[in-house]
Amino acid sequence: MSEQVKYLLGEDRIPKAWYNIVADLPEPPPPPLHPGTGKPIGPDDLAPIFPMAVIEQEVSTERWIEIPEPVREIYKLWRPSPLIRARQLERALDTPAKIFFKYEGVSPAGSHKPNTSVAQAYYNKQEGVKRLTTETGAGQWGSSLAFAGSLFDLEVEVYMVKVSYHQKPYRRALMETYGARCIASPSSLTASGRAILEKSPDSTGSLGIAISEAVEMAVQRDDTKYALGSVLNHVLLHQTVIGEEAMLQMADADVEPDVVIGCAGGGSNFAGIAFPYLREKLAGRSHARIVAVEPTSCPTMTKGRYAYDYGDTGHLTPLVKMYTLGASFVPPGFHAGGLRYHGMSPLVSHVLHLGLIEPKAYAQTDCFAAAVQFARSEGIVPAPESSHAVKAAIDEALRCKAEGKAETILFCLSGHGHFDMQAYIDYFAGKLKDVPFDHSALESALAELPMVAE
């Protein structure tokens, strides 16, 4: 670990700065484009939906961005999060590998999401914003923004993907406990929601649809901004506290990872654990393979196309170049709601396109089997999203066993599954099914990609 990284960690071992990987990439990422002109967007184009401090971070090329002290003070509620060696799982697998996991489920909302929700709420409050709108899939982001809104006295309105709204009532209750309003999406409150319902009255919703609704509501009032829980650069930036802490903790254990793993839906927790290690790898200080894991029912990286696309179904957002299944693609209603997004973060997509990371996809029932094995070994019930990283870590450990290699595996356990027990009930009852990927729906959605001259 570099001396600079050590310096940027405070006496309390919480990072003093977020890491921006854009500064170290061998090629700059493609710029986002204005959906009307097709030209690169500027800060003024984003001003209607984001506070200026967040916009500056979104377009920044600085390597380190200082974390405001009020944000670090709130981080102290749960940071640094623990790094744990999964010794019982190692024994159960009879593997020579060492398995470590960075556990983000210790946050008030039970996931990694408050790392960015607290920062975004702080910047909005500083600029006089009164109200935030957002979307959520599994509810982890919605509950995290609701938590942050309660700390900064901000009104929060959450559009929750309808299938998750009904699957996860306790996440909804948590949002309401923190003071937020939670609405099933698609809803009749917005033009974009009504358009979806007119076409598909029984729509189960998607993150792309929920984003359209939240953005639409944000631009209608001067006192309101939109907050995003994944995908964009500033969100991934805030999550790098995960990897920076992990590097110091791994150094304390006198080990370096051979494999770094994170689940990936929009890309935020994956980037949080992986980007600091990718920096070290680009600088020749790490040899780790970096693995991003997604569901087979929404295989953005493994079956999507690298192209410019809208971030939402209603085409209200800028065009970004990413691995995408098409903005109109609606994934089936599997339980890992936080991974049901049609696209992947532009930064994660860029490093994948450059061949710097490896994608993997797993079926739902295989991930739940891995989650149960992990819970029975380590005592922590993983969120359905996090179970994808667990499955990949177990597979890597079994590979080490077969090859007789004593490698070190590090993965991000991005959240606990305490609000997802119905999914586990369904799994034990044999009700969880692996929905076949709809290739015809993919082709139809990709046929609607915008025409962009590059």
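View 1. Leu 83 has Lys 102 of strand 4 as its bridge partner. Residues are numbered from 1 along each chain as its sequence is written. Because the model is predicted, local features need pLDDT of at least 70 and side-chain atom pairs count only at pLDDT 80 or more, while totals for chains, interfaces and linings use all residues, and side-chain values use heavy atoms, with hydrogens and water left out.

View 2. The strands follow the order 3-4-14-9-10-13 with mixed pairing, where two strands pair if DSSP finds at least two bridges between them. Strand 3 (83-85) and strand 13 (358-362) are the edge strands, each pairing on one side only, and the twist from one strand to the next averages 25°.

**View 3. Packing of helix 17 against helix 19.** Helix 17 (residues 364-378) and helix 19 (residues 421-428) pack at about 105°, with axes 11 Å apart, the axes being lines fitted to C-alpha atoms over the stretch in contact and the angles running from 0 to 180 degrees between N-to-C directions. Helix 17 is therefore roughly perpendicular to helix 19, a term covering angles of 65 to 115 degrees. Residues of helix 17 including Phe 368 and Val 372 meet residues of helix 19, among them Tyr 424 and Phe 428, with contact meaning heavy atoms within 4.5 Å.

Key: Helices (H or I, at least four residues) and strands (E, at least two) are DSSP runs, numbered from the N terminus. Angles under 35 degrees count as roughly parallel, over 145 as roughly antiparallel, 65 to 115 as roughly perpendicular and the rest as oblique.
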